Amino acid sequence: MTTFWIVLALATAGWLVARLVVTVRRDGLGTARPPASHLDWSDSVSNLPSRPFGSA
């Protein structure tokens with residue numbers, strides 16, 4: 001009877017690991033494109049300089 005429980009536990013553990021792998025692969029992390037970054041500095045936005053770190 002002990003062998004039955006060991007086999008059942010191993011089968012269940014294998015199934016759980018397989019489900020975890022499938023779930024992690026489907027989550028989309030690392031495959032989705034990142035969001036667009038902010039626009040460049042421009043004079044049209046709150047009178048900010050077009051080159052914020054340039055010398056005067």
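The model you are looking at is predicted. Methionine 1 has a relative accessible area of 70%, so this residue counts as exposed.

Now step back to the whole chain. The chain has 56 residues, and buried residues make up 0% of them. Its accessible surface comes to about 5,800 Å², and carbon and sulfur atoms account for 65% of that area.

With this picture in mind, return to the start of the chain. Met1, Phe4, Trp5 and Leu8 together make a nonpolar surface patch of about 480 Å². Phenylalanine 4, one of the residues in that patch, has a relative accessibility of 46%, and therefore counts as partly exposed.

Two of the patch residues, Phe4 and Trp5, also deserve a look for their rings. The structure holds one aromatic pair. Phenylalanine 4 and tryptophan 5 form this pair, with 5.1 Å from centre to centre. The planes of their rings stand 70 degrees apart, an arrangement described as edge-to-face.

How values were computed: Residues are numbered from 1 along each chain as its sequence is written. This is a predicted model: local features need pLDDT of at least 70, side-chain atom pairs count only at pLDDT 80 or more; totals for chains, interfaces and linings use all residues. Side-chain values use heavy atoms; hydrogens and water are left out. Rings of Phe, Tyr and Trp (its six-membered ring) pair if their centres lie within 6.5 Å; planes under 30 degrees apart count as stacked, over 60 as edge-to-face and the rest as tilted. Buried means under 20% relative accessible area, exposed over 50%, partly exposed in between (1.4 Å probe, protein chains only). Accessible areas come from the Shrake-Rupley method with a 1.4 Å probe; for residues, only the protein chains shown count as cover. Patches are made of residues with over 30% relative accessible area and no salt bridge: like charges are joined within 9 Å, nonpolar side chains (Val, Leu, Ile, Met, Phe, Trp, Tyr) within 5 Å. A salt bridge is a side-chain nitrogen of Lys or Arg within 4 Å of a carboxyl oxygen of Asp or Glu.
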